[in-house]
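Dear colleague,

I am handing over a structure that you have not worked with before. Please look through the sequence and the model below, and then read the notes that come after them.

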Amino acid sequence: MVAADEDDDPACPANAKRPAAFQSRLPGLPGAATYNQVHDVDNPLVVQDPPPPAPAVAAPLDKSEIRIRVGLGGGGGGGGGLGLEAADSDGAGDSLGGEVIPHGYQQMVPLDPDETTDSTGFLTAPRHSRPPRKSSSLLAAVTLAAISGDPPPRETWNKKVEFLLAVIGFAVDLGNVWRFPYICYANGGGAFLIPYCIMLVFGGMPLFYMELALGQFHRCGCLTLWKKICPALKGVGYAICLIDIYVGMHYNTIIGWALYYLVESFQSELPWTSCNNTWNTPNCTPVVGEQFNYSTSPAKEFFERSVLEQHLSDGLDRMGPIKWSLALCVFGVFVLVYFSLWKGVRSTGKAVWVTALAPYVVLFILLARGVTLPGADVGIRYYLTPQWEKLKESKVWIDAASQIFFSLGPGFGTLLALASYNKFNNNCYRDAILTSSINCLTSFLAGFVIFSVLGYMAHMQNKSVAEVGLDGPGLVFIVYPEAIATMTGSVFWSIIFFLMLITLGLDSTFGGLEAMITALCDEYPRLLGRHREIFVAVVLVLVYLCSLPTCTYGGVFLVNLLNEYGPGKSILFVVFVEAAGVCWFYGVDRFSRDIEKMLGFRPGIFWRCCWTFISPVFLLVIFICSLLGDTDDANKYPPWAISVGWVLTASSLLCIPVYIIYKFSITSGNCSQRVKMICVRRRPPRRRRSTSTRRTAPGRTSDSRAARHRTPCPASRCCARTTRTRAPGSSSGWCRCVSTHWPLAVEAAMLRNTWTRGGGPGGPLADWGCK
């Protein structure tokens with residue numbers, strides 16, 4: 001036995017037992033023949049040179065062996081690379097090859113099933129070779145991590161387009177359909193597009209770009225991210241997770257309403273067409289009939305008295321029991337969400353092909369139908385006619401800023417999570433421009449779809465467009481179904497419309513829950529990351545149980561309360577703190593250098609100015625105006641409900657100061673030292689070289705650094721360049737391989753052998769070098 005370290009080490013006895021071994025073949029090394037070596041599993045520093053092969057007899061590998069083949073790109077066995085497989089009794093096994101191992105290791109090449117072994121149990125040349133299989137790369141990397149005990153490597157999107165669809169699907173949600181058209185015509189029609197585009201360029205797009213770049217560079221969720229930027233602000237990540245829970249509690253219920261409508265649409269006649277149903281009141285009047293001041297439409301009574309049955313409750317004071325048919329629809333939504341999230345980007349990447357593309361197909365179909373309806377031109381003119389005097393009102397600019405922010409969705413952690421699965425050199429700058437522009441154009445397109453139908457309804461009822469239109473859920477659950485009921489082929493139009501609403505909502509709720517799941521899995525990789533499927537199921541079950549009160553007869557009032565006080569106010573301040581932490585504490589210059597490392601160029605002066613000054617102020621102004629603008633809450637909710645709403649808002653906001661106090665209290669040093677340590681990312685200390693005597697090659701010792709550096713390292717079979725180093729906590733030194741011909745760190749991860757402070761197993765094996 002020949003020890004790879006120069007001196008005898010008590011941690012590496014020469015007579016160590018070898019209960020299991022793995023083989024490595026180093027083909028085609030410069031100036032050397034092909035070597036087959038056996039590395040001890042318990043002590044990988046001990047290397048045994050094999051006896052000369054006897055090719056006449058073939059012997060199978062032992063069941064407990066793991067085979068590694070390493071090449072340099074031309075050596076035997078089908079090209080350079082690394083292959084990993086568990087040895088079968090016939091010496092072949094099933095390949096776990098792949099294309100690329102993370103962290104810069106060489107290309108992995110699957111072992112050939114026709115490879116055989118000689119009489120000593122070592123691999124001989126394969127009978128033929130085959131190209132690497134890209135589909136096996138993740139399996140091989142996960143296998144290496146499983147053997148090492150480390151969390152599996154981070155997944156990446158199978159295709160770039162899947163990431164783009166996921167981002168577009170998250171940004172384009174129900175608000176693009178029911179909120180933007182109403183805000184547009186209420187704030188000046190076509191004139192509203194001027195403040196809208198200004199807020200997009202100076203406020204929304206810089207924040208959108210910032211989050212995509214942060215997630216892609218640091219490759220982690222909204223919790224682990226702050227360890228690398230500003231440790232004191234990790235409470236921002238916990239606040240985002242809490243806000244995502246509040247959103248999941250009510251947003252999925254709205255999707256459940258759309259699913260209820262979809263199920264009811266599969267009838268010969270839509271149930272909200274006439275007033276001859278059990279839930280109708282004497283005040284119900286058909287749309288084409290004579291209207292009175294007290295008249296209600298069949299669509300409105302269907303939504304309020306059949307779907308929600310809110311007449312059986314007394315508002316938030318007494319919401320009544322759960323309506324189980326509605327709860328079942330919400331449960332169906334959670335089932336769809338689970339099977340889209342349980343496998344991470346592998347399952348989400350498949351789901352977004354439907355949930356992100358289907359709404360556009362339906363939007364164009366509905367647009368083609370809407371513009372052919374009588375009166376559609378009146379509604380479109382009402383939508384686009386500019387009212388320039390509105391631009392003098394501050395409310396128009398505040399509404400434009402709020403719509404841009406909530407439409408693009410920065411601050412919910414979703415953009416961070418989705419971008420963290422990108423490849424490091426992905427052009428996130430181009431992605432930010434493309435996806436944010438598509439989102440805003442979709443809102444503009446949805447306005448044509450909605451207002452063409454509103455003009456048709458105004459024509460049918462001899463009313464103005466302003467008298468017909470409604471804001472929020474009423475627009476898509478009352479007005480539009482009412483118009484659909486009067487069209488030819490109403491069942492078909494109803495089915496595709498509510499399918500569009502469901503798909504619009506699903507990929508948005510995918511994004512919100514994925515942000516929380518990614519953050520917690522990255523923060524606790526061993527506890528949660530390894531058991532993602534179970535963790536996702538537990539999270540969705542808990543969120544579903546919390547959302548059951550929104551399925552009661554008075555659940556619609558709770559949905560409105562959660563929407564307004566859950567994320568509505570707190571998310572603005574949370575994103576302001578996030579932008580301040582990145583732009584002021586971490587620094588725009590450092591952030592720009594990070595982007596340069598990914599993309600090869602630094603962001604321009606426009607982006608740096610927006611990140612430094614405009615974007616934080618943009619968020620702070622919206623937050624202050626949202627607090628000052630809530631003067632009619634006393635008329636909408638009882639006093640105790642308003643108090644509960646502010647508790648919901650404070651619960652997420654308090655995460656930020658509470659964590660700052662906690663981090664300050666556990667940090668050592670005086671006050672100024674603590675503030676500096678918790679506000680600035682700590683860099684790993686550099687290892688200082690000691691002038692004490694270290695181990696060198698056998699028979700050579702050196703008492704000074706200069707003498708040690710003058711002592712050359714012995715020749716190595718697998719090292720192109722070596723240097724001298726030492727073990728952590730030890731004064732002894734050895735020759736460390738700096739540039740290797742084969743990735744010893746992969747073997748280190750497999751065998752879990754590391755140094756301790758005393759020189760035994762406990763620190764990274766990669767530091768030992770390649771001997």
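The notes below go from the whole chain to particular residues.

**The protein as a whole**

Please keep in mind that this is a predicted model. The protein has 771 residues, and 56% of them count as buried. Its secondary structure consists of 27 helices and 10 strands. Among contacts with a separation of 6 or more, 73% are made by residues 24 or more positions apart. The accessible surface amounts to about 32600 Å², and carbon and sulfur atoms hold 61% of that area.

**Helix 9 and its neighbours**

Helix 9 covers residues 345–355, and its buried residues are V345, S347, T348, G349, A351, V352 and T355. Four helices receive the packing of these buried residues: helix 2 (160–171), helix 8 (324–341), helix 10 (358–370) and helix 17 (490–523).

**Cysteines**

A disulfide is a covalent bond between the sulfur atoms of two cysteines. The count in this model comes to one disulfide. C275 and C284 form the link, with their sulfur atoms 2.0 Å apart. The angle about the S-S bond is -70°, and the link of C275 and C284 is left-handed. C284 counts as buried because its relative accessibility is 10%, under the 20% cut-off.

C583, by contrast, is in no disulfide: the nearest cysteine sulfur belongs to C610 and is 10.0 Å away, whereas a disulfide needs sulfur atoms within 2.5 Å. C583 has a relative accessible area of 6% and is therefore buried. C609 is likewise in no disulfide, and the nearest cysteine sulfur, again that of C610, is 7.1 Å away. With a relative accessible area of 32%, C609 is partly exposed.

A nonpolar surface patch of about 810 Å² is formed by I194, I198, V201, F202, W388, I605, F606, F613 and I614. Helix 5 and helix 21 (605–628) are the elements that give two or more residues to this patch. I614 counts as partly exposed because its relative accessibility is 34%, a value over the 30% required of a patch residue.

Most residues other than glycine have a negative phi. R219 is not a glycine, and its phi is positive, near 55°. R219 has 25% relative accessibility and so counts as partly exposed.

N462 is also not a glycine, and its phi is positive at about 55°. N462 sits in the loop between helix 14 (428–461) and helix 15 (465–468). At 72% relative accessibility, N462 counts as exposed, because the value is over 50%.

**Points to carry forward**

With kind regards

Key. Residues numbered from 1 in each chain as written. Predicted model: local features only at pLDDT ≥ 70, side-chain atom pairs only at ≥ 80, totals over all residues. Heavy atoms only, no water. Buried < 20%, exposed > 50% of the residue type's maximum accessible area, 1.4 Å probe, protein only. Contact = heavy atoms within 4.5 Å. Patch = residues over 30% accessible without salt bridge, like charges linked within 9 Å, V, L, I, M, F, W, Y side chains within 5 Å. Areas by Shrake-Rupley, 256 points an atom, 1.4 Å probe, with all protein chains shown as cover. Salt bridge = Lys/Arg side-chain N within 4 Å of Asp/Glu carboxyl O.
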